Amino acid sequence: MTTSKNSFIEPFPRNFESPAAVARLFADDDYIGRPHTYWETYRDNIRKIGPADVQRVAKTYLQPDKMVFLVVGKWSEIEPGDANKKASMKEFFGGKVTHLPLRDPLTLK
């Protein structure tokens, strides 16, 4: 959880590294109706989040029966799962997989 929180907290100052960045940030705030004071407590609010908060929000907004995972790579390497054999792709979605064909990047055919 610490790593996840730090991924939001550590790059935070970059939001204010130039006048253009600040203008963009506050324009976004204005567009979505978020008060500019939101940023004064942003890092403290991230630090307060705990596992129970994540579970509560996930249960509210995530619908597992409507989720889709896109896995990119060589299926022969991905399907067996991790090196420690903790999980394989057969354990997800009852093993149902839809392979998408590779398209030519120029023609998209």
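Reader: Where does Leu 108 lie?

Author: Leu 108 sits in the segment after α5. Helices here are DSSP runs of H or I with at least four residues, strands are E runs of at least two, and both are numbered from the N terminus. This is a predicted model, in which local features need pLDDT of at least 70 and side-chain atom pairs count only at pLDDT 80 or more, while totals for chains, interfaces and linings use all residues. Residues are numbered from 1 along each chain as its sequence is written, and side-chain values use heavy atoms, with hydrogens and water left out.

Reader: What is the phi of Leu 108, and is the residue buried or exposed?

Author: Leu 108 has a positive phi of about 60°, although it is not a glycine. Burial goes by relative accessible area: buried is under 20%, exposed is over 50%, and partly exposed is in between (1.4 Å probe, protein chains only). With 54%, Leu 108 is exposed. Ser 88 is also in the segment after α5, but Ser 88 is buried, at 17%.

Reader: Which residues does Ser 88 touch?

Author: A contact means heavy atoms within 4.5 Å. Not counting residues up to four places away in sequence, Ser 88 touches Glu 79, Pro 80 and Gly 81.

Reader: Where is confidence lowest and where highest?

Author: Look at pLDDT, the predictor's confidence in each residue, from 0 to 100. Helix α5 (residues 75-78) has the lowest confidence, with a mean of 86, and helix α3 (residues 42-48) the highest, at 96. Across the chain the average is 90, and 100% of the residues score at least 70.

Reader: Let's take a helix. How many residues does α2 have, and how far does it reach?

Author: The expected span of a helix is 1.5 Å times one less than its number of residues. α2 has 14 residues and reaches 20 Å from its first C-alpha to its last, close to the 20 Å expected. After α2 comes Gly 33, with a positive phi near 80°.

Reader: Which residues of α2 are buried?

Author: Ala 21, Leu 25 and Asp 29 are buried in α2. They cover an arc of only 75° around the axis, so they are on the same side of α2; the arc is taken from the directions from the helix axis to the C-beta atoms. On the other side of α2, the exposed residues are Pro 19, Arg 24, Asp 30 and Tyr 31. Pro 19 has 74% relative accessibility, whereas Asp 29 has 0%. Leaving aside neighbours within four places in sequence, Asp 29 is in contact with Arg 34, Pro 35, His 36 and Trp 39.

Reader: Which residues make up the largest nonpolar core?

Author: Nonpolar side chains tend to be buried together in soluble globular proteins. A nonpolar core is a set of buried Ala, Val, Leu, Ile, Met, Phe, Trp, Tyr and Cys residues joined through side-chain atoms within 4.5 Å. Here the largest one has six residues: Ile 9, Phe 12, Leu 25, Trp 39, Tyr 42 and Ile 46. Beyond four places in sequence, Tyr 42 is in contact with Phe 8 and Phe 12.

Reader: How many aromatic pairs are there?

Author: Rings of Phe, Tyr and Trp (its six-membered ring) pair if their centres lie within 6.5 Å; planes under 30 degrees apart are stacked, over 60 edge-to-face, and the rest tilted. The whole structure has seven such pairs. One is Tyr 38 with Trp 39: their ring centres are 4.8 Å apart and the planes are at 90°, so this pair is edge-to-face. Tyr 38 is partly exposed at 31%, while Trp 39 is buried at 12%. Ring pairs also link Phe 12, Phe 16, Tyr 38, Trp 39 and Tyr 42 into a cluster.
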